[in-house]
Amino acid sequence: MRKDFGAKPYIYPQPVLIIATYGEDGTPDAMNAAWGGISDMNKIAMYLSASHKTVKNILQRKAFTVSMADADHVTACDYVGIVSANDVPDKLARSGLHATRSERVDAPLIDELPMTLECTLVSFDEETELLVGEIVNVSADERVLGENGKIDPAKLRPITFDAVNNAYLVLGEKVGNAFQDGKALK
């Protein structure tokens, strides 16, 4: 038997994205966003309110980074989501996170978060609040790479937002092989 919950924004996994920008004065800023994901081979799409300081920065600078929040930095990642840079301009510094300027886009990389998409602004629809960015590079700290030189989710320990229970969950257990296991049914 199933239980109905009505129309809710429930999906698993729901990534926890940390979006970083520079303000007008060059101060690094970051926000936590859950409503976003890959929308094409080199695009990311997120629904973000225009009232966010981070969105204002993106519209001005035409660039941003998106890091995967991880289990090791849950407190800092949650903090940048519950505090507004409109009220606390130095919230990234207060979170304990540090920033380094990207060499590819006019936006900061968050040093502690080991995987980042470096993006330029494609579009922002003020009515729907859909922001689309072009991914110009993905960078990852060597500490999260496996022996094969690729990103190892078990080392990255990305978190997902559980909207049902207002919780963060860590991802990581491998249960199959994409584009391979289904061949057994051919």
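Figure 1. The model is predicted. Seen from the other residue, the closest cysteine sulfur to that of Cys119 is the one in Cys77, again at 17 Å. A disulfide would need the two sulfur atoms within 2.5 Å. The structure accordingly holds zero disulfides. Cys77 is buried, with a relative accessible area of 1%. Cys119 is buried as well, at 0%.

**Figure 2. The salt bridge between Asp106 and Arg61.** The closest N and O atoms of Asp106 and Arg61 are 3.0 Å apart, and the two residues form a salt bridge.

**Figure 3. A network around Arg61 and Asp106.** Arg61, Arg101 and Asp106 are linked in a network of salt bridges. The contact of Asp106 with Arg61, at 3.0 Å between the closest N and O atoms, is a salt bridge. A search of the whole structure finds five salt bridges.

**Figure 4. The salt bridge between Arg157 and Asp72.** The side chains of Arg157 and Asp72 meet in a salt bridge, with an N to O distance of 2.9 Å. This pair, too, links distant parts of the chain, its members being 85 residues apart. Arg157 lies in the loop between helix H4 (153–156) and strand E10 (159–162). Asp72 lies in the loop between strand E5 (63–68) and helix H2 (74–82). Arg157 is partly exposed, with a relative accessible area of 32%. Asp72 counts as exposed, at 55% relative accessibility.

**Figure 5. The salt bridge between Arg94 and Asp90.** Arg94 forms a salt bridge with Asp90, and the closest N and O atoms are 2.9 Å apart. Arg94 is exposed, with a relative accessible area of 56%. Asp90 is partly exposed, with a value of 33%.

**Figure 6. The whole chain, for orientation.** The protein chain has four helices and 11 strands. Its radius of gyration is 17 Å, close to the 16 Å that the globule rule gives for 186 residues, so the chain is as compact as a globular protein of that length. The C-alpha trace spans about 55 × 45 × 30 Å along its principal axes. Of the 186 residues, 38% count as buried. Among contacts between residues at least 6 apart in sequence, 58% join residues at least 24 apart. The accessible surface of the chain comes to about 11,000 Å², and carbon and sulfur atoms account for 52% of this area.

Key: Residues numbered from 1 in each chain as written. Predicted model: local features only at pLDDT ≥ 70, side-chain atom pairs only at ≥ 80, totals over all residues. Heavy atoms only, no water. Salt bridge = Lys/Arg side-chain N within 4 Å of Asp/Glu carboxyl O. Helix = DSSP H or I, 4+ residues; strand = E, 2+ residues; numbered from the N terminus. Buried < 20%, exposed > 50% of the residue type's maximum accessible area, 1.4 Å probe, protein only. Rg over C-alpha atoms; globule rule 2.2 N^0.38 Å. Contact = heavy atoms within 4.5 Å. Areas by Shrake-Rupley, 256 points an atom, 1.4 Å probe, with all protein chains shown as cover.
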